Amino acid sequence: GFDHVAYKVEKDSDLDELKKKVEAYGIKTAMLEEGTLPSMGRMLQFNLPSGHEMRLYAMKEYVGTEVGIDNPDPWPDNITGAGAHWLDHCLLMCELNPETGINKVAENTKFMTDVLDFFLTEQVVVGPNGAIQAATWMARTTTPHDIAFVGGPRMGLHHIAFFLDSWNDILKSADVMAKTKTRIDVAPTRHGITRGETIYFFDPSGNRNETFAGLGYLAQRDRPVTTWDESHLGSGIFYHTGDLVPS
């Protein structure tokens, strides 16, 4: 269920500079013309080492918010459903096969650091002496993660997350899901990793989604990377129970 993930850059000339950096790294690029997607400027298109398609763009039509920007109210009166504010992050599954030396999690993490100037906030390490980087969480802002990568048998989409304000909003979204007979994968709980509050659920297409609340901590480039090992992985993923969920 994954087509591409896109990030906005500050100005249009950044696309030309990033095109050079991505190609110098050994990755082919294409520049998609303005209007390739509605209400968008040109886009720099390339594939991550894992194979996932990424795009960068500078211009997207701004439609504003319902409450406006002049003396706005904190929220509109017609919110329905869970009331998600924005798309917060996505977790991409990357091929990981230590027996054959394949680790697309580590390759993606290096590319995002070296070329796109993301920084590592948390990681899961496994294997002898924790030598295998099995999952990473990365940021460009002050949230614990703007994107994350996790190892698996093949590339794909793990989930897309939508941001809510608080634990109370997470509980409300669970009520909404129950009322609408939405298939819940993991009921309301907390992550140890990122410390966020969460519900995992499936949309009608079968893709896993998440409602996510809580900033967890202020991510900074000079903050030490938080590392989780195999023996604490359950608590890292679902802090309250410490149990891994097969799905």
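Predicted model: local features only at pLDDT ≥ 70, side-chain atom pairs only at ≥ 80, totals over all residues.
So, how many of the 5 residues of β3 are buried?

Residues are numbered from 1 along each chain as its sequence is written, and side-chain values use heavy atoms, with hydrogens and water left out.

First, the annotation. An unreviewed UniProt entry carries "domain: VOC" over residues 1–59 and 92–214; positions are in the numbering used here, feature names are shortened, and such annotations may be inferred rather than shown by experiment. Residues 1–59 come out at 22% helix and 31% strand, with the end C-alpha atoms 25 Å apart. For residues 92–214 we get 20% helix and 47% strand, and 21 Å between the end C-alpha atoms. Helices here are DSSP runs of H or I of at least four residues, strands are runs of E of at least two, and both are numbered from the N terminus.

Now the sheet. It's an open one of 4 strands, in the order β1-β4-β3-β2, with mixed pairing; strands pair if DSSP finds at least two bridges between them. At the edges sit β1 (5–8) and β2 (29–32), each pairing on one side only. On average, neighbouring strands are turned by 25 degrees against each other, direction ignored. Helix α1 (residues 12–24) packs on this sheet and touches β2, β3 and β4 (53–57), its direction making about 160 degrees with that of β2. Contact there means heavy atoms within 4.5 Å; axes are lines fitted to C-alpha atoms, for helices over the stretch in contact, with angles from 0 to 180 degrees between N-to-C directions.

Back to β3, residues 43–47, which pairs with β2 in the antiparallel sense over 4 bridges. Ala30 has Gln45 as its bridge partner, and Met31 has Leu44. Over to β4, there are 5 bridges, again antiparallel, with Asn47 standing opposite Glu53. The β3 and β4 hairpin has 5 residues between the strands, and Gly51 takes a positive phi near 105 degrees in it.

And the opening question? 4 of the 5 residues of β3 are buried, so this strand is largely enclosed by the rest of the structure. Buried means under 20% relative accessible area, exposed over 50%, and partly exposed in between, with a 1.4 Å probe and protein chains only.

Most residues other than glycine have a negative phi. Asp117 is not a glycine, yet its phi is positive, about 65 degrees. You'll find Asp117 in the loop between α2 (104–114) and β7 (119–126), and at 39% relative accessibility it counts as partly exposed. Asn129 also has a positive phi, near 60 degrees. Asn129 is in the loop between β7 and β8 (132–139), and it is exposed, with a relative accessible area of 83%.

That's my tour, thanks.
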